[in-house]
Amino acid sequence: MAILSFLFPKKSPSASVAKERLQIVLAHERAGRDVPEFLPRLQKEMLAVVGKYLELTEDMIKINLQRQGGTSILEINVELDKTKLAARHGAPEKPIGEKPAITSRPPKGA
Amino acid sequence: MSKVITVTSGKGGVGKTTTSAAFATGLAQRGHKTVVVDFDVGLRNLDLIMGCERRVVFDFINVINGDANLNQALIKDKRVDNLYIFPTSQTRDKDALRKDGVEKIMDELRDNFEYIVCDSPAGIEQGAMSALYHADAAIIVTNPEVSSVRDSDRILGMLASKSRRAELNQPPVEEFLLLTRYAPDRVARGEMLSITDVQEILSVPLLGVIPESETVLKASNTGQPVILDAESTAGRAYSDAVARFLGEQREMRFLTTERKGLLRSLFGKA
């Protein structure tokens, strides 16, 4: 048996290196491939809608679709500028009792 | 019910045309009326591998353009009953495979044949996408080598999203892995990805393993689909793959080296 294991040794590095490299690169490529085509459009439209009420720049909305087994999670993250939001809420001319900014459009250039 | 089987891989030179020729011949040998279609517009080669290059009169593009009808373009194989070859054109017009034109031809083929084996070109251009689009089943031809495995994975992604079945929300394309140019001795030495390695990475059911074999070149030299060489390991491995495709249970063969067999017999059963 010794001669057998001498002639047919356990896996030498190259095939296992190949496997490892493939697993890493494919995990990355599969994640990128699964992004549905509508995501960039959704991001733009979200920006337009939320932007009606809050001051936003494109990089403040992050949309991410994750798949785990049979379920998908659509994650929409809107990062808000704290100082600007606080300033608007605390604005003295704002009538008392008015609901949050959602009901009114912020003045242009605010 | 007719079935479109697309033989694809992404990467070139892995054995798509050899496989298409062998597989179509195998299906016909088993009594199924089969046509093998060359989708590699501009780089026609299936005719050479099938040994009918001198009988090509009309081709795929002639039929699309209405210059000939399907029956004028189909070449009946002289060795095997029920087998027809549909050659492609040597035109350099990349957009020759118009979607509606291909669709019409595929419908006509479906009416006339049990199996339509589509030999896809390499790459992800129009010809490859067109062959992939019509697939009911796909045979992913893969060499145990990094670039081939990566391209196969890419093609699997496209089958899931860009095929007609995906577009029409039908049950997905059936996928099968065919490992070709497999060298068991190199796998044993750890120099080549093993069957298990490739399967773990691609997770597609294994249809067969075709060992690296000198007879494949001999077959293409003479224009004989390798499956007709019933003596060769490659020919027998293709026969097994066809049988499995048709639902038979067959053990995988030719996965150990000749040398190992010899050693085993010298040293007794291990």
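How many of the residues of strand 6 (residues 137-142) of chain B are buried? The count is 6 of its 6, and the strand is mostly covered. Buried means under 20% relative accessible area, with a 1.4 Å probe and protein chains only. This is a predicted model, where local features need pLDDT of at least 70, side-chain atom pairs count only at pLDDT 80 or more, and totals for chains, interfaces and linings use all residues. Residues are numbered from 1 along each chain as its sequence is written, chains are lettered from A and ligands numbered from 1 in the order in which they are written, and side-chain values use heavy atoms, without hydrogens and water.

- Strands are DSSP runs of E, at least two residues; helices are runs of H or I, at least four; both are numbered from the N terminus.
- B:A137, B:I139 and B:V141 point one way from strand 6 of chain B. B:A138, B:I140 and B:T142 point the other way.
- Two strands pair if DSSP finds at least two bridges between them.
- Strand 1 (residues 3-8) of chain B pairs with strand 6 in the parallel sense over 4 bridges. Here B:T8 stands opposite B:I140.
- Strand 7 (residues 174-182) of chain B also pairs with strand 6 in the parallel sense, over 6 bridges. B:A138 stands opposite B:E175 in strand 7.

**B:T19**

- B:T19 lies in helix 1 (residues 16-29) of chain B.
- B:T19 counts as buried because its relative accessibility is 0%.
- The B:T19 side chain reaches the backbone oxygen of B:G15 at 2.6 Å.
- Beyond its neighbours within four places in sequence, B:T19 is in contact (heavy atoms within 4.5 Å) with B:V7, B:V141, B:L178, B:T180 and B:Y238.

How values were computed:
Buried < 20%, exposed > 50% of the residue type's maximum accessible area, 1.4 Å probe, protein only. Polar contact = N/O pair within 3.5 Å; in protein donor to acceptor, adjacent residues only side chain to side chain.
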